[in-house]
Amino acid sequence: MAVTRLERKGRTNRARANNRKAVMKHQGTKPTIKKVDIEAIKKEFEEKKKDQ
């Protein structure tokens, strides 16, 4: 009995593995922390509350 290779399945499996690795790598990256002025944001919310 001859052995046939499932080439398409092999490509699919490899592509799935690569996509999974890429997703995990992307999820592991941390966003850059920006300096945020919390007091200014609080002040902004207070002003909006007063306007309403």
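This dialogue goes through a predicted model of one protein chain, feature by feature.

Trainee: What should I know before reading any values?

Mentor: Because this is a predicted model, local features need pLDDT of at least 70 and side-chain atom pairs count only at pLDDT 80 or more, while totals for chains, interfaces and linings use all residues. Residues are numbered from 1 along each chain as its sequence is written, and side-chain values use heavy atoms, with hydrogens and water left out.

Trainee: How many helices and strands are there in the protein chain?

Mentor: Helices (H or I, at least four residues) and strands (E, at least two) are DSSP runs, numbered from the N terminus. Here the protein chain has two helices and zero strands. The radius of gyration, taken over C-alpha atoms, is 26 Å, well over the 10 Å that the globule rule (2.2 Å times the number of residues to the power 0.38) gives for 52 residues, so the chain is more spread out than a compact globule. Along its principal axes, the C-alpha trace spans about 85 × 25 × 10 Å.

Trainee: Is His26 buried or exposed?

Mentor: Buried means under 20% relative accessible area, exposed over 50%, and partly exposed in between, with a 1.4 Å probe and protein chains only. His26, in helix α1 (residues 7–28), is exposed because its relative accessible area is 61%. Ala40, which lies in helix α2, counts as partly exposed because its relative accessibility is 35%. Over the whole chain, buried residues make up 0% of the 52 residues.

Trainee: Which residues form the nonpolar patch on the surface?

Mentor: Nonpolar side chains (Val, Leu, Ile, Met, Phe, Trp, Tyr) are joined within 5 Å, and like charges within 9 Å. In this model Val36, Ile38, Ile41 and Phe45 form the nonpolar patch, with about 400 Å² of accessible area together (Shrake-Rupley method with a 1.4 Å probe; for residues, only the protein chains shown count as cover). Phe45 lies in helix α2 (residues 38–51) and counts as exposed because its relative accessibility is 54%.

Trainee: Which residues gather in the patch of negative charge?

Mentor: Lys and Arg count as positive and Asp and Glu as negative, while His and the chain ends are not counted; the place of a charge is taken as NZ of Lys, CZ of Arg, CG of Asp or CD of Glu. Glu44, Glu46, Glu47 and Asp51 gather in this surface patch. Glu46 lies in helix α2 and is partly exposed, with a relative accessible area of 44%.

Technical notes: Patches are made of residues with over 30% relative accessible area and no salt bridge: like charges are joined within 9 Å, nonpolar side chains (Val, Leu, Ile, Met, Phe, Trp, Tyr) within 5 Å. A salt bridge is a side-chain nitrogen of Lys or Arg within 4 Å of a carboxyl oxygen of Asp or Glu.
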